[in-house]
Amino acid sequence: MKDDEFFIKRVLSLAKRGLNFTFPNPLVGAVIVKNGKIVGEGFHKKFGSWHAEVLALKKAKEKAKGATLYTNLEPCCHFGKTPPCTQYILKAKIKRVVFSSLDPNPKVNGKGLEFFEKAKIETKVGVLKKEAKVLNESFFAFHQKGRPFVCLKFAASLDGKIATKNFQSKWITNEKARNYARRLRLWYQAVLVGANTVIKDNPHLGVREKNKKDPLRIVLDDRLKVPLESQIFRDKNLLLVTTKLAKKEKLKKLEKMKIPFIAYNQKRVSIPKLLEDLKSKNIVSVLVEGGGETIGSFFDEKLVDKIYAFYSPLIIGGKEAVPAVLGKGVKKLSCAPFLSQIKFKRFNKNFLIYGYLK
């Protein structure tokens, strides 16, 4: 058991190397062990490329015969961008396969395990299952809930304000906290904000890291108010979401600019409908960064999975200051969303609280 955990930890470490490049696929690592020594390893590098198991087998070559293959997710058994990993594992004459969890994708979900059992290949499932699921929490939620994993992020004063009454928000939190917050974007396929955030802050919404991909930028803009000179228009990795209130001339301008957009035939963007459409586009995860109205709309629909709340020891005060969460709110405390599995992190005088909503 200790050996199995040791090698699965190595698998999880390898899997993280694919961060930011595998969407909508999960992060997967693989290690091949023979006589207690690693003879091959690999990780899924990017969407459409070889899976971790195959890369590990290619490195192990003939040494894979009679060895144990470790991976964090059930090997696939269907044709996708690449052939099924189960066939490669069988051909390599692997003796034993150890993986952390079944694949939630209905195209796999237990079929890989069944394949190994029929092929008389010894299997073990569940090693470091919790850690493996956290690593790919968006992928699991996408297939189990039938929608993208939704995470909310905001930076506020101690009294819950994200800007003064004059909309000054730079900077509430310190540089260390902001750098950490920006790096969170690496874990999400899309980042979403409301039109007012773009108009008032003109955010970049990218990771600003060399050799890393920016997430898809999604902007909710009922009337298409955002200036076309905003930073979000720097490339086509953008999705504007609007309604019938948008002027036709501006929609035509977006078409001419070849900017992707969705225009709903209603006065407000429906969050459930939006998530349904994002699922159809294979968007597995969304990081919602504001502002208060946008964050509140996700709470109102009970469509929040995780929260990152950064706080600075400031008191802004005033009823005209901008709160982190607006929307309809709740009438009873018993109905209020409650954070669980809470963790804390400090950035000198600033701190972060994060956790999950059931």
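This is a predicted model: local features need pLDDT of at least 70, side-chain atom pairs count only at pLDDT 80 or more; totals for chains, interfaces and linings use all residues.
## Strand β1

Strand β1 spans residues 29–34. Five of its six residues are buried, that is, under 20% relative accessible area, so β1 is largely enclosed by the rest of the structure.

Strand β2 covers residues 37–43 and pairs with β1 in the antiparallel sense, over six bridges. Within this pairing, I32 lies opposite G40 of β2. The two strands make up a hairpin, with two residues between them. N35, in the turn, has a positive phi of about 55°.

Strand β1 also pairs with β3, which is made of residues 68–73. β1 and β3 run antiparallel and are joined by four bridges.

## Helix α2

Helix α2 runs through residues 52–60. Seven of its nine residues are buried, so the helix is largely enclosed by the rest of the structure. The buried positions are A52, E53, V54, L55, A56, L57 and A60.

The elements covering these buried residues include the strands β1, β2 and β3, together with helix α3 (85–91). Just after α2 comes K61, which takes a positive phi of about 55°.

## Burial of β1 and α2

Both elements are largely enclosed by the rest of the structure: β1 with five of six residues buried, and α2 with seven of nine. Strand β1 is itself among the elements that cover the buried residues of α2.

Methods: Residues are numbered from 1 along each chain as its sequence is written. Side-chain values use heavy atoms; hydrogens and water are left out. Buried means under 20% relative accessible area, exposed over 50%, partly exposed in between (1.4 Å probe, protein chains only). Two strands pair if DSSP finds at least two bridges between them. Contact means heavy atoms within 4.5 Å.
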